Amino acid sequence: MVKMFENPKYLTKGVQSTIPGWLVLLMWSMIEGMQVEHKDYLQVFRLQKTERGLRIWHEQERPPYLYQMDVPCTDAVNAKIFVIDDGTHSTMLLAEEY
């Protein structure tokens, strides 16, 4: 049995065109590094531009998980990102593409 988010990974056109590549890799890495007993099939990232760069909130509903970090950068974006694992693959998409 494959564990959550350990399967082929895909991005939607919206993510490819609006989210910097380094940030996509960081979000995949944040999911991989979660210290939880169980990863929910739905991971949510809220991205907010700040004076110094980017604030990221990473959360899941069950079991409850919330992690926040600030990243200094010059190409910050405001966005809400969903990452969904359907058992066969994982897809990263903008909330408005859902």
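In which segment does Phe 5 lie? In this predicted model, Phe 5 is placed in the segment before strand E1 (9-11). Its phi is near 65°, a positive value in a residue other than glycine. Phe 5 has a relative accessible area of 6% and is therefore buried, the limit for that class being under 20%.

The protein contains 2 helices and 6 strands. Along the sequence these elements follow the pattern β-α-α-β-β-β-β-β. The radius of gyration is 13 Å, close to the 13 Å that the globule rule gives for 98 residues, so the protein is as compact as a globular protein of that length. The C-alpha trace spans about 45 × 25 × 20 Å along its principal axes. Among contacts with a separation of 6 or more, 56% are between residues 24 or more positions apart.

Of the 98 residues, 44% count as buried. The accessible surface amounts to about 6300 Å², and carbon and sulfur atoms hold 52% of that area.

In soluble globular proteins, nonpolar side chains tend to be buried together. The largest nonpolar core of the model has 24 residues, of which Ile 19, Phe 45, Leu 47 and Ile 81 touch the most other members. Two or more residues of this core are given by each of helix H2 (21-32), strand E2 (42-49), strand E3 (53-60), strand E4 (65-72), strand E5 (79-85) and strand E6 (90-94). H2 provides the largest share, 6 residues.

When residues up to four places away in sequence are not counted, Leu 47 touches Ile 19, Leu 23, Met 27, Leu 54, Arg 55, Ile 56, Val 77, Asn 78, Ala 79 and Ile 81. Two of these neighbours, Ile 19 and Ile 81, are listed with Leu 47 among the core residues that touch the most other members.

The peptide bond that runs from Arg 62 to Pro 63 is cis, with omega near -10°. Pro 63 is located in the loop between E3 and E4.

How values were computed:
Residues numbered from 1 in each chain as written. Predicted model: local features only at pLDDT ≥ 70, side-chain atom pairs only at ≥ 80, totals over all residues. Heavy atoms only, no water. Helix = DSSP H or I, 4+ residues; strand = E, 2+ residues; numbered from the N terminus. Rg over C-alpha atoms; globule rule 2.2 N^0.38 Å. Buried < 20%, exposed > 50% of the residue type's maximum accessible area, 1.4 Å probe, protein only. Contact = heavy atoms within 4.5 Å. Areas by Shrake-Rupley, 256 points an atom, 1.4 Å probe, with all protein chains shown as cover. Core = buried A, V, L, I, M, F, W, Y, C linked by side-chain atoms within 4.5 Å.
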